[in-house]
Amino acid sequence: MEIFNHLMQGFAVALTPLNLAWLLAGSILGTVLGMLPGLGPSTGIALLLPMTFGMRPDTALIAMAAIYYGAMFGGSRSSILLNVPGDGAAVASCFDGYPMALNGQAEAALAISAIASFIGGLIATIAFVLVALPVARFALRFGPPEYFCLMVFALAATAAISKEALLKGVISLVLGLMLTTVGLDFQSGVPRFTFGSVELQMGIDFVVVIIGIYGISEVFVNLEHIAQQITRPVQTKFGRIWISMAQWKRSIGPILRQTPVGFFVGVLPGAGGTIAALMAYNNEKQISKHPEEFGKGAIEGLAAPEAANNACSVGAMIPMMTLGVPGSGTTAVMLGALLILGLQPGPLLFEQHPDVAWGVIASMFLGNIACAFINIPLAGLLVRVLSIPPKILYPLVVVLAFLGVYTINFSIMDFYLLVGLGFVGYLMKKFKVPTAPLILASVVGASMESSFRQSLMLSNGSLSIFFRSGISNALLIAAFLSLAWPFISDWRARKKREKSVDIPID
């Protein structure tokens, strides 16, 4: 009953005219950003983050959440029609979505992607409502040592999420933590790594880091090929965008099976929609009675990842709102927005600002309905966005990035930092160094350092304080296993190969 009352309070907040208007605008904008290759929800929210400075906290978060799951809806549009994923979470939608379009089933592919996203997001939001309060209340038991260990686990899990690039993930993580040490030490007042610059004494704002790594770096990456990029023809005339009863029967099972997969992957720090979608696709292919159809236009191969990646976007909000630890790169940006708006993410958000917390949760129900209506009846209109030439699109990104950064501190130094971080992001993408650890570290690094130093003050400098509670020990073990698992899985795979080689063949 308590949860129901909180949810009704949330709907009262979400249904105000201003919040509804921003919810609809965010859903449309997210869908468009999801469609455009290279501009996913992280880039979109990062570029528009300065616009939220004058908003109420509930309005700003509702708009950003709508952009997030709107992008999950829209990312499959370019996957289906062009075989080019709008963002990483839409990669798996190319496998069967594009073959469906080639087979003359573009209408069914567009419809099932929106239907699966809607059902996945709706079920995940219901799960969010049920677990939000218990998780938030459990998190009230966290003190500085537990928060430090939680952040160690989050950073370790994010760095290790790609086992082929563990060292690169750790390098990215360390670089993000280094950026947070620039500026005045707020406990001692001593300048650190400012190189005599007064402008750097307040530190490097993580909004500058986010926009540089996500926004400007994308422009640098695309500048290499902008002269050769030719706008591909996009189908804009469709029949009735819907599915048959036979297609529905083939799709509902994969949707219901893979939604929990996406939700739980989203809750894990750093996993993200790409992992959720690929896991869902592989799971469905393995249990299918006709796995040979996958990759050739099987509707199950499109429905499963679409449900999973939308459920993942909802799941990623749980650790961000209840623990203050983002579950994805996009929620790391949103965590930064919360801090800018003067709110402390974590269990106290539900205690001190229930209108904001529950208003955002309630808005997810409304936002999923809005995205379904936007992505089914208006699909033929929205896909015209895919024909925007890159020579027009990327200059607009640069203008938005520079305007947004200047409004933070009105400092020219931020321009130099923006370009420098954009170049760093470009190099990271060229050398396949994951950017999510850097973003997460730049957002939580200051609070992580603060929790560490508070813990040492409580224990008179003894590190044993981090091993005194069951929560801290569990989190440190989980962090160790996150880093060790890639090596363990490689060792098991090597042993398995050796056994197969040793088996004598008669």
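Tutor: Lys495 sits in helix H21, residues 470-502 (helices are DSSP runs of H or I with at least four residues, numbered from the N terminus). Bear in mind that this is a predicted model, where local features need pLDDT of at least 70, side-chain atom pairs count only at pLDDT 80 or more, and totals for chains, interfaces and linings use all residues. Residues are numbered from 1 along each chain as its sequence is written, and side-chain values use heavy atoms, leaving out hydrogens and water.

Lys495 has a relative accessible area of 37%, so it's partly exposed (buried is under 20%, exposed over 50%, partly exposed in between, with a 1.4 Å probe and protein chains only). Together with Arg494, Arg497 and Lys499, Lys495 forms a positive surface patch. Patch residues have over 30% relative accessible area and no salt bridge, with like charges joined within 9 Å and nonpolar side chains (Val, Leu, Ile, Met, Phe, Trp, Tyr) within 5 Å. A salt bridge here is a side-chain nitrogen of Lys or Arg within 4 Å of a carboxyl oxygen of Asp or Glu.

There's a nonpolar patch too: Val170, Val174, Met178 and Leu483, with about 300 Å² of accessible area together. Helix H8 (residues 166-180) gives the largest share of this nonpolar patch, three residues. Val170 has its place in helix H8, and at 31% relative accessibility Val170 counts as partly exposed.

Cys94 is buried at 10% relative accessibility, and Cys312 is buried at 2%.

Conventions: Accessible areas come from the Shrake-Rupley method with a 1.4 Å probe; for residues, only the protein chains shown count as cover. Lys and Arg count as positive and Asp and Glu as negative; His and the chain ends are not counted. The place of a charge is taken as NZ of Lys, CZ of Arg, CG of Asp or CD of Glu. Helices (H or I, at least four residues) and strands (E, at least two) are DSSP runs, numbered from the N terminus.
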